[in-house]
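Hi,

Here is the structure I promised to pass on. Have a look at it first, and my notes follow below.

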Amino acid sequence: MLVPFGQLPIGDGLLPDGSRVPFYIDRNELDTLRLDGPAWKYDDARFLEVAIGDPDAIFEGLRRPNQTASLCHAVFPTFDPDETDEAGSGTPPRFGFVFLAFSALADMGHVVFDWEWRTQDDDEQGHPENWQTDFVRRAWKRA
Amino acid sequence: METSLNEYLKANEPGPFRAVPHYFRSGDYLTYFLSDSVCYAKRLDDVVTLYLEPGTDRLVGCKVKGVKQILRSAGDFGIDLDGGKQVRLGLFFFVGAAPDRADREPKMKWYDLLKELSAVEFDSSQFALCG
């Protein structure tokens, strides 16, 4: 499998048109986060695979310079990939918050450049609050 | 050498926390964390996202978006950045806070908190080193 130089594969991610393409993360930037922290953000990268592969919603346009075509995958994780015991594996890691993965189109797929937790919208499961104004449009929603 | 993100995460433990601004070229943004407390993100404006502690909403850090664009614009308008080596975070906060928007008033408490971080200096040589 060919991998872009300096990138680590995350997995195949869903695009708004229903197709799937490889998603990557920059290895140097992950090194920076690993070395200086915060550790929780580094550890939370474990949620990226489920965010891009099985999101609740995908938003397009991040309302910031040069990110008009970038994507945001949003998911309310129902389990923690690190919890392998039966009791913990079915427990949402953070009640009331959704996990967001931000990505941009690159040469051989999408590159995830950031991720974070935001307060969940009161009405839309798996959506962050203020999603109507924080993004240009909702490009895909789980049926 | 790890061949996937999951392999990398399993093989590499995080290091001790350091409160320094970092620039991430792939997304043209920088982050600055005061502590390694778990937090959530709250978008303040087009430029700044806050990192807040759940429950207390204590300010844990911030993210500045569109860094290169802001520095380029500042230079184009002749704003002196002291040689361009060290840039204070206050410049970026100002860009986000300056527009006179209808939603500005409820956000003033957050801008007031950001003033405490305004003097933190960001080493713009990271543009060449990071990512």
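Ala51(A) sits in helix H3 of chain A, residues 48-53 (helices are DSSP runs of H or I with at least four residues, strands are runs of E with at least two, and both are numbered from the N terminus). This is a predicted model, where local features need pLDDT of at least 70 and side-chain atom pairs count only at pLDDT 80 or more, while totals for chains, interfaces and linings use all residues. Residues are numbered from 1 along each chain as its sequence is written, and chains are lettered from A and ligands numbered from 1 in the order in which they are written.

Back to Ala51(A): it counts as buried because 28 C-beta neighbours lie inside 10 Å (the cut-off is 20 or more other C-beta atoms within 10 Å, with C-beta atoms placed from the backbone). Beyond its neighbours within four places in sequence, Ala51(A) is in contact with His73(A), Val75(A), Phe99(A) and Ala101(A) (contact means C-beta atoms, placed from the backbone, within 7 Å). Asp12(A) is 39 residues away along the chain, and its C-alpha atom is 11 Å from that of Ala51(A).

As for chain A overall, there are 5 helices and 7 strands, in the order β-β-α-α-α-β-β-α-β-β-α-β along the sequence. Buried residues account for 44% of its 143 residues. The C-alpha trace of chain A spans about 40 × 35 × 30 Å along its principal axes.

Then there's the partner: 37 residues of chain A are in contact with 30 residues of chain B. On the chain B side, H1(B) gives the most, with 4 residues.

Cheers

Technical notes:
Buried ≥ 20, exposed ≤ 12 C-beta atoms within 10 Å, placed from the backbone. Contact = placed C-beta atoms within 7 Å.
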